[in-house]
Amino acid sequence: MWAIFTDSQDGRQLFAVSTHLTVGDQYYELRQNQTQQIVDLIAEKNPSGLPVVVAGDFNSGKAYQPSNTIYDVMRAAGYRDPLGNTNNSWAVDSSASAEHRVNLEYNTFNGFETRARVAKYANGFDIDYIWHNSAVRVAVSRVVVNLDAAGNFIGMIPTDHNMLMATIHLKS
């Protein structure tokens, strides 16, 4: 799903894509094809080169083998992961663009468990991503969780994923 959003005050526009990649056989080829379809859709529907944000459940983790092909496809197309995730690495890469990081010690996948899954590393083991092009500045990247002091979710867990949120600004 895609949309073009227009700022009512200054008229600047943002091209936004929301996705949920499906699971299936031949995992690597499937993810590669699905991610390439997203890149191709943006090229087709955004010929004027508006700022772009792509967000959603890519159903693909950074340790997947032979690689997390979504990184290969998205990076080759010029998109950045604000958290600086890379293939098979738990370290924050120098390509990280998020200026502030909030609750990234929690995984985005929660499996409807009552206790939040704490990641072992700074970027967690996420299958949900936000990507952006160079015309977007990411001020904040956050995993949205509402927890008590013991690390349990407060209230109803509406989905098996915690929301991944970014506060963005369009560059001039």
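## Charge pairs

Glutamate 44 and lysine 45 form a salt bridge, their closest N and O atoms lying 3.5 Å apart. A salt bridge here is a side-chain nitrogen of Lys or Arg within 4 Å of a carboxyl oxygen of Asp or Glu. This is a predicted model: local features need pLDDT of at least 70, side-chain atom pairs count only at pLDDT 80 or more, and totals for chains, interfaces and linings use all residues. Residues are numbered from 1 along each chain as its sequence is written, and side-chain values use heavy atoms, with hydrogens and water left out.

The whole structure holds 4 salt bridges. Among them are the pairs below.

| Pair | N to O distance |
|---|---|
| Glutamate 99 and arginine 137 | 2.7 Å |
| Glutamate 113 and arginine 117 | 2.7 Å |

Glutamate 99 sits in the loop between α2 and β4 (100–102), and arginine 137 in strand β6, so this pair ties together parts that are 38 residues apart in sequence. Helices (H or I, at least four residues) and strands (E, at least two) are DSSP runs, numbered from the N terminus.

How accessible are these side chains? Buried means under 20% relative accessible area, exposed over 50%, and partly exposed in between (1.4 Å probe, protein chains only). Glutamate 44 is exposed, at 54%. Lysine 45 is partly exposed, at 34%. Glutamate 99 is partly exposed, at 40%, and so is arginine 137, at 32%. Glutamate 113 counts as partly exposed at 34%. Arginine 117 does too, at 29%.

Arginine 31 lies in helix α1 (residues 27–45). Is arginine 31 paired or without a salt bridge? Arginine 31 is buried and has no salt bridge; aspartate 57, the nearest side chain of opposite charge, is 6.8 Å away. For this count Lys and Arg are positive and Asp and Glu negative, while His and the chain ends are not counted. Leaving aside residues up to four places away in sequence, arginine 31 touches Leu21, Thr22, Val23, Phe58, Asn59, Ser60, Thr69 and Ile70. Contact means heavy atoms within 4.5 Å.

The buried residues of α1 are Arg31, Gln34, Thr35, Ile38, Val39 and Ile42. Down the axis of α1 they fall within an arc of 135°, so they line one face of the helix. The arc is that of the directions from the helix axis to the C-beta atoms. These buried residues pack against β2 (13–20), β3 (52–57) and α2 (69–76). The face turned away from the buried side carries the exposed residues Gln37, Ala43 and Glu44.

Serine 141 lies in strand β6 (residues 136–144). Serine 141 is buried, with a relative accessible area of 2%. Its contacts, not counting residues up to four places away in sequence, include Leu83, His100, Leu104 and Met165.

## The whole chain

The chain has 2 helices and 7 strands. Along the sequence they follow the pattern β-β-α-β-α-β-β-β-β. Of the 172 residues, 41% are buried. The C-alpha atoms fill a box of roughly 50 × 45 × 30 Å, taken along the principal axes. Among contacts between residues at least 6 apart in sequence, 65% join residues at least 24 apart.
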